[in-house]
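User: I've got a two-chain model on my screen and I'd like to talk through how it is put together. Can we go through it piece by piece?

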Amino acid sequence: MRISFTHRLAVALGATLFGLASLAPATLAADVTDIGYVDQAALSNIPQFTSANRQLADFKAQLDRQFASEVRGVKDANTQARIAQEFQNKLATRQRDLFGPLFQRAQVAIASVASSKNLSVVVDKRIVIVGGQDVTSSVVDLLTGPGDPIPPVNTPPPSSVGYVDQTQIDAIPKLKAANDDFQKFQADQQTQAQAKLKSAKTDADRQQVLKDYQSALADKQKQEIAPLVDQTRSAIAGVAKKRGLLLVIDRSNLIYGGTDITSDVTSALK
Amino acid sequence: MSRARSSNLARALLAAALLAGLGTFAACAHQDSNAAPDQTPAAADDGRVGYVRMDDLVKVHPLYAQLAHLDEDMQALQLKAVGSSVAQNGADIAKAEKELQHELDVAADQTKKALADKQQDYMKREQAAINAAVGAAAGAGPGGGGIAGSILANARKQQQQAAELAQKNYDAYRNQVAAQSDAAARSLQQSLAAEASRTYRAKAEALSKAEADYALQQETDDASERLSLRTKLSNLALDDDTRADVRKQLDALDQKEADELAAMKNRDSATLADLQKQLHDQVQTQLDAQVGDLRKRTLAKLNERMLETRRGLVAQLGAPAAGGGAAIPNGIGPDMKAKLQALHDQYQAQFNADAAQTIAQFQKTRADLTDRFRRIAGVDAGAQAGANKQLGALQKQRGELYDEMVAQIGREVKAVAQKRGVNVVISDVVAPAGGVDLTADAEKDIESLHE
């Protein structure tokens with residue numbers, strides 16, 4: 001009985017959303033752009049997510065107790081690591097089971113709202129300073145409403161906002177080598193600074209150690225990292241211009257839509 | 001170590017859960033947008049979309065010096081926390097403990113030697129006094145002192161050997177009883193703590209379940225009303241006023257449930273805090289009482305064994321054996337025996353007083369070293385916790401200051417955007433292309449805040 005009601009409701013909602021999706025652009029395009037944003041913190045507070053978080057926390061507490069009992073008396077580091085890995089896997093599986101369907105649902109809800117409002121891109125609220133459409137409440141309404149959100153029938157329209165996956169760009173050999181080198185340099189400097197701090201006798205000595213440490217890092221960054229950062233920015237800007245984009249943001253700030261130019265940028269940098 | 005790593009990973013996974021998951025929204029959507037990469041972007045034109053370089057704007061804000069100062073403080077604290085005098089690492093602590101243990105061993109050896117020297121000294125002095133007394137009693141006869149000395153020397157040797165053996169046996173027994181007593185006290189403590197922990201956990205789980213049940217009950221009670229409101233909100237065609245009204249009703253419903261649940265949780269927290277204190281007091285009282293009994297029984301056992309040992313020695317040698325006094329042989333007259341006993345008692349009392357002083361000095365040294373042990377053992381956790389707390393406070397302060405600065409920058413950027421006719425302004429762009437760069441204008445406005 002209940003399933004049947006939910007099903008009918010979902011179908012009705014789908015029809016409504018579809019109708020709205022085709023009507024919305026005409027009414028909204030006049031005074032807003034096609035850039036929307038979502039407050040992800042607000043999404044994390046909806047009951048389904050808080051409940052999943054609570055369940056995961058309970059499961060983790062239970063696992064912690066089991067782990068403590070299982071690892072007690074085990075002295076071999078490899079065995080300890082193996083047991084720890086098993087427990088981490090269990091936690092990860094549970095996390096996927098709990099959150100996977102929720103994320104999928106949220107994804108559909110965001111796509112549905114974006115489509116109904118004719119948005120080409122939805123970004124994280126933190127990077128929007130002025131303007132844009134806040135679609136958080138509509139997404140929350142769909143997620144907390146009865147039935148499942150209905151996926152949009154159309155794909156996102158081409159967007160003037162591009163994005164790059166910084167992790168892929170960082171993996172380009174010359175950038176990775178420079179980054180690894182800097183990390184190593186930083187670790188060495190830190191060790192040296194700590195040794196000097198141990199033998200420093202006065203506050204002035206300690207201040208000097210810190211100043212030298214910061215200065216060494218800044219010099220190294222300027223010398224090796226800054227030129228590569230400039231080169232990367234320039235490559236991204238070049239690709240963006242070719243593709244007719246206005247802005248390029250990092251993928252971590254993007255939630256929906258946008259134009260991916262990562263592969264063009266990596267090719268340009270190689 | 002592994003557990004800590006496991007917990008850290010779990011925490012990181014939990015923290016990342018939402019963001020990581022939301023990242024996947026983009027992943028799927030990206031596939032869609034990638035399907036048609038050559039289509040020309042529509043909508044926003046470069047007259048309406050702008051950007052600012054937030055890092056540059058933060059640097060010209062009047063409060064930037066304060067922010068930079070906080071960053072430096074945090075960096076310094078992070079370096080010190082793992083480096084210098086704030087906290088010592090495991091190897092430093094182990095080294096310091098080893099040095100203190102060595103000092104304690106040296107002090108114990110010195111005390112032992114001092115006591116042995118004193119014992120020898122008092123024995124010699126007592127022996128000389130006894131020899132003189134016996135020699136005087138032997139009177140005019142030639143070699144009286146020498147005969148007495150020979151008898152006494154033999155008796156003393158026998159007594160010394162017997163006393164050493166008895167002491168050795170007694171020491172072994174004492175060590176065994178002390179070890180048993182310590183093990184029993186530890187076991188008792190663990191058992192009481194485990195029992196208290198079980199009681200606390202059971203109560204906490206019961207309260208937590210009751211809270212979950214209550215939350216579910218609230219959910220069920222309000223389900224129909226909520227469903228009705230949600231259904232209304234799901235209608236994207238709803239006009240703004242009606243939507244706001246419905247959302248208000250929904251918020252009121254949520255607030256009512258949240259308040260009721262929060263009140264319940266507050267009550268439960270107070271109950272748990274009371275229970276924790278009560279259990280702690282209870283465990284301490286029981287532990288004090290039972291460990292006190294245990295110690296009394298141990299002491300009684302040791303006293304009994306000591307008396308038994310003395311009785312055995314007296315039976316064997318027929319003379320006082322304690323305290324390293326000189327031997328008083330059998331077969332001498334009662335007057336002389338009484339005189340020698342008085343001499344022995346006098347030297348024994350002097351030795352006891354002297355030894356007590358030496359032992360008191362050693363105990364003071366041991367107490368000082370124990371204090372230093374505690375300080376060293378506590379310095380790592382204490383200093384590390386202190387540094388972390390300080391770091392946390394600085395991070396919070398920095399976060400609040402940064403938010404305040406960004407909010408103010410946002411207001412300035414908004415004004416600039418209005419002037420320039422830009423509808424949307426984004427920060428943190430990876431690279432600009434055709435959007436309007438408002439950074440320079442915003443910088444000027446923000447710099448004017450200094451005046």
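User: What percentage of the 270 residues in chain A is buried?

Analyst: A quick word on the basis: this is a predicted model, where local features need pLDDT of at least 70, side-chain atom pairs count only at pLDDT 80 or more, and totals for chains, interfaces and linings use all residues. Residues are numbered from 1 along each chain as its sequence is written, while chains are lettered from A and ligands numbered from 1 in the order in which they are written. For the 270 residues in chain A, the buried share comes to 34%.

User: And how many helices and strands does chain A have?

Analyst: Helices (H or I, at least four residues) and strands (E, at least two) are DSSP runs, numbered from the N terminus. By that count chain A has nine helices and eight strands.

User: In chain A, what share of the contacts between residues at least 6 apart in sequence joins residues at least 24 apart?

Analyst: Two residues are in contact here if their C-beta atoms, placed from the backbone, lie within 7 Å. Taking contacts in chain A between residues at least 6 apart in sequence, the share that joins residues at least 24 apart is 85%.

User: What about chain B: what percentage of its 451 residues is buried?

Analyst: Chain B has nine helices and four strands, running α-β-α-α-α-α-α-α-α-β-β-β-α from the N terminus on. Of its 451 residues, the buried ones make up 17%.

User: Which residue of β3(B) stands opposite A:L247?

Analyst: Strand β6 (residues 247–250) of chain A and β3(B) run antiparallel and are joined by three bridges. Opposite A:L247 you'll find B:P432.

User: Staying with β5(A), which residue in β6(A) is the bridge partner of A:Y163?

Analyst: β5(A) is covered on both faces, with A:V161 and A:Y163 buried on one side and A:G162 and A:V164 buried on the other. β5(A) pairs in the parallel sense with β8(A) over two bridges, and four bridges join β5(A) to β6(A), also running parallel. The partner of A:Y163 in β6(A) is A:I249.

User: How are α7(A) and α8(A) oriented to each other?

Analyst: Axes are lines fitted to C-alpha atoms, for helices over the stretch in contact, and angles run from 0 to 180 degrees between N-to-C directions. The axes of helix α7 (residues 173–199) of chain A and α8(A) come within 10 Å and cross at roughly 175°. Angles under 35 degrees count as roughly parallel, over 145 as roughly antiparallel, 65 to 115 as roughly perpendicular and the rest as oblique. That makes α7(A) and α8(A) roughly antiparallel.

User: How many charged residues are in the contact of α7(A) with α8(A)?

Analyst: Nonpolar means Ala, Val, Leu, Ile, Met, Phe, Trp, Tyr, Cys and Pro, charged means Asp, Glu, Lys and Arg, and the others, Gly among them, are polar. Among the residues that meet are A:D181 and A:F185 in α7(A), and A:R206 and A:L217 in α8(A). The classes come to twelve nonpolar, three polar and, for charged, five.

User: Last one: how do α4(A) and α5(A) lie relative to each other?

Analyst: The axes of helix α4 (residues 77–116) and helix α5 (residues 136–144), both of chain A, come within 9 Å and cross at roughly 130°. Residues that meet there include A:A109 and A:V113 in α4(A), and A:V139 and A:L142 in α5(A). The two helices, α4(A) and α5(A), are therefore oblique.

Methods. A residue is buried if 20 or more other C-beta atoms lie within 10 Å of its own, exposed if 12 or fewer, and partly exposed in between; C-beta atoms are placed from the backbone. Two strands pair if DSSP finds at least two bridges between them.
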